[in-house]
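Take a moment to look at the chain before reading on.

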Amino acid sequence: MQQERRRQKRLPFVQVNARVRVRRSLFSREWVDVLVQDFNARGIAFGGDLPLQQGEKVHLSLQLQTETGDFAVEKAVAILRNSRLVQGKPVFGAEFTRDNSAQVQQSLGQIEGILNRYMELSSRISQGR
């Protein structure tokens, strides 16, 4: 058995990527990558310089990347509840709607569960230092 040589334990790789579908003109829409600030099964906060208004319905595509594989949710529907500036950049808060299918809602819950387990592991590792 090989001896561990790392000075500190490392966390497994976990990353959430998101895209928002935005209107570019009267007849065109496109998917734009955004930076996820936080996430749970009820909502998401994301940053990006986007032409979005409070109360607007948006479609999101989410991808959770882990060492063991990727997990995706396509076209989750959310309502923009707020926007604010953080360090001079816009951050939007959106709430997932009940319009989402049972499968999308279940997938959002699974992503939240994976992220919670990751945070618990991260906390245990940092306390064990």
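Strands here are runs of at least two residues that DSSP assigns as E, numbered from the N terminus, and two of them count as paired if DSSP finds at least two bridges between them. With that in hand, and keeping in mind that this is a predicted model, one can begin with S2 and S3, which form a hairpin with two residues between them. Strand S3 covers residues 43-47, and its pairing with S2 is antiparallel, over five bridges; within this pairing, Val-36 has Phe-46 in S3 as its bridge partner.

A hairpin of five residues leads from S1 to S2, and Arg-23 finds its bridge partner in Arg-29 of S2.

Strand S1 has a further neighbour in S4, which spans residues 57-66 and runs antiparallel to S1, the two being joined by eight bridges. In this pairing the bridge partner of Val-16 is Leu-64 in S4.

How do the strands come together as a whole, and in what order? Six strands close into a barrel, with antiparallel pairing, and the order is S1-S2-S3-S6-S5-S4. From one strand to the next, the twist averages 45°.

Helix H1, made up of residues 102-127, packs on the sheet, where it touches S1, S2 and S4 as well as strand S5 (69-86) and strand S6 (89-96). The direction of H1 makes about 85° with that of S5.

Methods
Residues numbered from 1 in each chain as written. Predicted model: local features only at pLDDT ≥ 70, side-chain atom pairs only at ≥ 80, totals over all residues. Heavy atoms only, no water. Helix = DSSP H or I, 4+ residues; strand = E, 2+ residues; numbered from the N terminus. Axes fitted to C-alpha atoms, helices over the stretch in contact; angles between N-to-C directions. Contact = heavy atoms within 4.5 Å.
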